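The stops below can be selected one after another.

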Amino acid sequence: MAAHETQVDSSELDGYVVPAQHHAHHFRSADHQFATAKQGMWIFVLQEVLFFSPLFVAYLIFKFMYFESFHAAAKELDWVLGAVNTVILLISSFTMARAVTAAQRGNRAALSENLFWTILCAFGFLIVKYLEYSHKFHVGTLPGSFFHNDELLAIAPQAPLFFTLYFCMTGLHGLHVAIGIGILIWLWIRSKRGDFGVNYYTPVEMTGLYWHLVDLVWIYLFPLLYLVS
Amino acid sequence: MEHSSPVGTNYLNYPKGIWSWIYTLDHKRIGIMYLVSTLFYFLMGGIFATLIRIEHMTVGPGIMDANTYNRVFTYHGTIMVFMVIIPMIPAAIGNFVLPMMLGAKDVAFPRLNLLSYYIFVAGSFLGLATLFFKGVDTGWTFYAPYSTRTGSAAAMMVMAAFVMGFSSILTGLNFMATVHKLRAPGQGWGELPLFIWAIYATSIIQVLATPVLALTLVMLAVERIFQVGFFDASLGGDPVLFQHFFWFYSHPAVYIMVLPAMGIISEVVPVFSRKPIFGYKPMALATFGIAFVSFAVWGHHMFTSGQSDFANKVFSLITVFVAVPTGVKVFTWVATMYRGSIRLKTPFWYALAFMFVFVIGGMTGMVLAAVGADIHFHDTYYVVAHFHYVMVGGTLMAFTAGLHYWFPKFFGRMYNEKAGFFGFLAVFVGFNLTFFPQFIMGQLGAPRRYYNNHPDFHELNLLSSYGSFLIGLGFVWVAIYLVYALVKGPKASDNPWGSATLEWESTSPPAMENFRHDPKVTHGPYDYVALERK
């Protein structure tokens, strides 16, 4: 923000300055527009949290209803892969934060580089997720009526419900990661083109907020699903 | 600041061409597009309502069979809730009026605003497309497990509601940012018109509650398509969980419907009483009080669902609290009228009707809030009558009040006042004739949603049906004289009612960027003395 407020005197920052920076007719200034966009994004992040909430609530309710089953079913998950993904996402959040800072300082090279690493991490996350999913398809620990792992069913009669929740929660999160990749690639192309500078980096910062939220959801999903056993 | 539209043009005729409407980012045009869409769906929902009432004019089978009847009341409910009452005031009137009341040129995110509109259109088309795929027969509440098993197109309708939910969320987000960031110089939170407060509180509910419904509907669709067991007891799920999730949204949604209506009444009453609103701060606080409490009362829809006695009592108690801020509002309107110099124009007639029927709707709501009474009244016509008194008598009357009040601003024309009064009379009398008998039927135990009613209720049913025809005629009449006014009505002045809020400082209809000069707030939204001195 600080860099943004001093955008009029951008010579001090000796970063890259976007040539012609317009603001929409209903805003007083580019700063006004930026502040509004930022508030809108925070409200969007808030609704995202609530969007995930029913699955978390359902998970908690069913977990306490069928404690034994969920305990046994959670043991089926590979916590090592989960931990690897957690680390990958944390790194991606770090590079994303660096990308935002680079954009604020008008450092085009660092911006593109950090966006690139973020995208790479996001793909890494999805690849690990794919490995986990394919394993589950292989052993039959699938949602609801698709569940066909009799050994687990014998010790955990409610395992199908656990995997319903597992697939829905991680699936919805994975969808957010995939959408994030799309946005990040768009940012990366624009950063290469020189669309962002000290006086304009709104999309980078907004995507940063989104990406941290996606990370945060995983920070809750990981212990709830993988570590409870 | 300079403006780009030529002098003498307005938002309706500049720029020209159908594409300038389809791609428009102007909040006024988007508001008018919402207005046309919701009015069209209102007509559809009304036709379904009339079909229901015709069916009930005969004791046995009437004009349709039982399965068709289930579909007809489902479409009536779904269309009226998701396509009419929820978007009608915030998205149609709000879109037009809210930025102008703030002295802004547009909402915070105009592109998002247009996107919300098209999301709404896509969602509503998807919903109506179910008509061609066996229809939907679940009722608008989509209760599991029936909705996950029925052979009708429930999944498609559920996805339609999901899509329309996003329109609602994005509109709420947009309005919140607009109120925070785009107020005119000199307009603090204490100088906001109460309609803005109402829309702001509504937006908070839209942003916080709608995502929960959205995901719940996804869960329902997943359940239906893959039989995965969220809500299916045979797979370890819990159907009551669906009810909890559903009402966690749908009860606050009731206030998405009624808070903007109250906002309109708070604008109309002071203007036509020529008196500042009595108790501005309590009114604004009451708006937020209702929004706040609305999140903690959803269980009162589920007194007979088998939730614990303790939960029943707590939800019953909290529900009663809703009456406190609501009472503050009603008393405030009445106190505003006291010793005012009242002008009985059409918007004010509707506002008066609102207060009358809303109190009946609210008081019967208190009866339903009491667990003991609700066990008796649950799923009877008493409930139907109660929520129609609040939704139709409340929201729809207030919407009609707002439509007449802002009509000169929207279109720059005046409607005929006498015609307006007769329309009002038909709607008001018809409304009470339709729904008051349903209170009596409900009290006597007539169950709702039944295809055949007991012969004992025949006379009451007939009365109710005749009333509904009168409402229908009333609204057709309103449509006729408003359309006539659009074409042939006398030109309206910039501020025909002598209102003190900012939107009346623009021309009627407003120019493309709303104000020829950036407006400055020099007096409060209800300060008529200062307005006349100016």
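Two residues are in contact if their C-beta atoms, placed from the backbone, lie within 7 Å. With that cut-off, 77% of the contacts in chain A between residues at least 6 apart in sequence join residues at least 24 apart. The model is a predicted one.

**Stop 1: chain A.** Select chain A and colour by secondary structure. Along the principal axes, the C-alpha atoms of chain A fill a box of roughly 70 × 30 × 25 Å. Of the 229 residues in chain A, 40% are buried.

**Stop 2: helix 4 of chain A.** Select residues 79–105 of chain A. How far apart are the end C-alpha atoms of helix 4 of chain A? They are 39 Å apart, which agrees with the 39 Å that 27 residues should span at 1.5 Å a residue. Step on to A:Gly106, which follows helix 4 of chain A and has a positive phi, near 75 degrees.

**Stop 3: chain B.** Now select chain B. Chain B holds 17 helices and zero strands. The C-alpha trace of chain B spans about 70 × 45 × 45 Å along its principal axes. A compact globule of 534 residues would have a radius of gyration near 24 Å, and the 23 Å of chain B agrees with this. Buried residues account for 58% of the 534 residues in chain B. Among contacts in chain B with a separation of 6 or more, 84% are between residues 24 or more positions apart.

**Stop 4: where the chains meet.** Show both chains and select the residues in contact across them. Chain B contributes 32 residues and chain A contributes 28 residues. On the side of chain B that touches chain A, the elements giving two or more residues are helix 6 (154–181), helix 7 (194–226) and helix 8 (239–273) of chain B. Which of these helices gives the most? Helix 7 of chain B does, with 10 residues. Coloured by residue class, this side of chain B shows 22 nonpolar, six polar and four charged residues.

**Stop 5: the largest nonpolar core.** This core has 226 residues. Those touching the most other members are A:Leu165, B:Val158, B:Ile196, B:Ile265, B:Val268, B:Phe354 and B:Ala401. Finish on A:Leu165: leaving aside neighbours within four places in sequence, A:Leu165 is in contact with A:Leu55, A:Ala58, A:Tyr59 and A:Phe62.

Methods:
Residues numbered from 1 in each chain as written. Chains lettered and ligands numbered in written order. Predicted model: local features only at pLDDT ≥ 70, side-chain atom pairs only at ≥ 80, totals over all residues. Core = buried A, V, L, I, M, F, W, Y, C linked by C-beta atoms within 7 Å. Buried ≥ 20, exposed ≤ 12 C-beta atoms within 10 Å, placed from the backbone. Helix = DSSP H or I, 4+ residues; strand = E, 2+ residues; numbered from the N terminus. Nonpolar A, V, L, I, M, F, W, Y, C, P; charged D, E, K, R; others polar. Rg over C-alpha atoms; globule rule 2.2 N^0.38 Å. Expected span 1.5 Å × (residues − 1).
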